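Here is a short report on charged and aromatic side-chain contacts. Look at the sequence and structure first, then read on.

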Amino acid sequence: MSTWKRLLIAWFFVPVHRFLFRLSGGRVLSRLEGTGVLILVTKGRKSREPRSSPLLYFQCEESGDLIVVASNYGRDHHPAWYLNIAADPNVFVETGGERFAAGARVAQGHERAALYDRVVAANPRFATYRASTQRQIPVVALRRT
C-alpha cells in the first residue's frame with residue numbers, strides 16, 4: 001500500500017470511522033470487507049492515556065476469543081496498538097454496541113500460524129501483508145475478562 005493511502009487512512013478514515021462507529025453504537029461501519037470491526041482501547045505505553053484503534057477482527061469458534069492481527073498494512077514495524085498491549089495486556093473492546101474489558105494474549109508458534117492461516121482464508125488481503133514484510137506479524141487473541 002502506498003504511503004499516501006496509509007496517511008489518508010490514518011489521518012482521515014480512522015478518526016471518521018471511530019466517530020461514526022461510536023455514534024451509531026456499532027451499527028455503522030461494523031463490517032468491512034466482509035469482516036467484523038471492533039475498536040480496541042489500549043493504554044498508551046508512554047502517555048498512559050487511552051488509545052482507540054478500529055481493527056478488523058475474526059472470531060475463534062473454539063475459544064470464543066476475538067482475533068486481531070498486528071499487520072500494520074504489511075509495514076516493517078508493529079502498529080502502536082500492539083506495542084501498547086505488549087506493555088499492558090488489559091484492554092477494552094467495543095463491538096456490537098457493547099464495551100467490555102478483555103485480556104490480550106499474543107499467540108505463539110503453531111497456534112499463531114494456524115490462526116493467521118484462518119485469517120487469510122477469511123480475508124486474502126492479510127496474505128499480501130505477510131508477503132510485504134520480513135517481520136513475523138503478531139496475532140492477538142482478545143478474551144473477555
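Asp-117 and Arg-130 form a salt bridge, with N and O 3.5 Å apart. Asp-117 lies in helix 3 (residues 109-122) and Arg-130 in helix 4 (residues 125-131), so the pair ties together parts that are 13 residues apart in sequence. A salt bridge here is a side-chain nitrogen of Lys or Arg within 4 Å of a carboxyl oxygen of Asp or Glu. Helices (H or I, at least four residues) and strands (E, at least two) are DSSP runs, numbered from the N terminus.

This is a predicted model: local features need pLDDT of at least 70, side-chain atom pairs count only at pLDDT 80 or more, and totals for chains, interfaces and linings use all residues. Residues are numbered from 1 along each chain as its sequence is written, and side-chain values use heavy atoms, leaving out hydrogens and water.

**Salt bridges**

The count comes to 9 salt bridges.

| Pair | N to O distance |
|---|---|
| Glu-94 and Arg-99 | 2.8 Å |
| Arg-144 and Glu-98 | 2.9 Å |
| Asp-117 and Arg-130 | 3.5 Å |

Lys-43, Arg-48 and Asp-88 are linked in a salt-bridge network.

How exposed are these partners? Buried means under 20% relative accessible area, exposed over 50%, and partly exposed in between (1.4 Å probe, protein chains only). Glu-94 is buried at 10%, whereas Arg-99 is partly exposed at 48%. Arg-144 is partly exposed at 46%. Glu-98 is partly exposed at 36%.

**Aromatic rings**

The structure holds 4 aromatic pairs. In one of them, Phe-58 and Phe-126 have ring centres 5.7 Å apart and planes at 80°, so the pair is edge-to-face. Phe-58 lies in strand 3 (residues 50-59) and Phe-126 in helix 4, so the pair ties together parts that are 68 residues apart in sequence. Phe-126 also pairs edge-to-face with Tyr-129, at 5.4 Å centre to centre and 85° between the planes. Rings of Phe, Tyr and Trp (its six-membered ring) pair if their centres lie within 6.5 Å; planes under 30 degrees apart count as stacked, over 60 as edge-to-face and the rest as tilted.

Phe-58, Tyr-73, Phe-126 and Tyr-129 form one aromatic cluster. Phe-58 is buried at 10%, Phe-126 at 6% and Tyr-129 at 9%.
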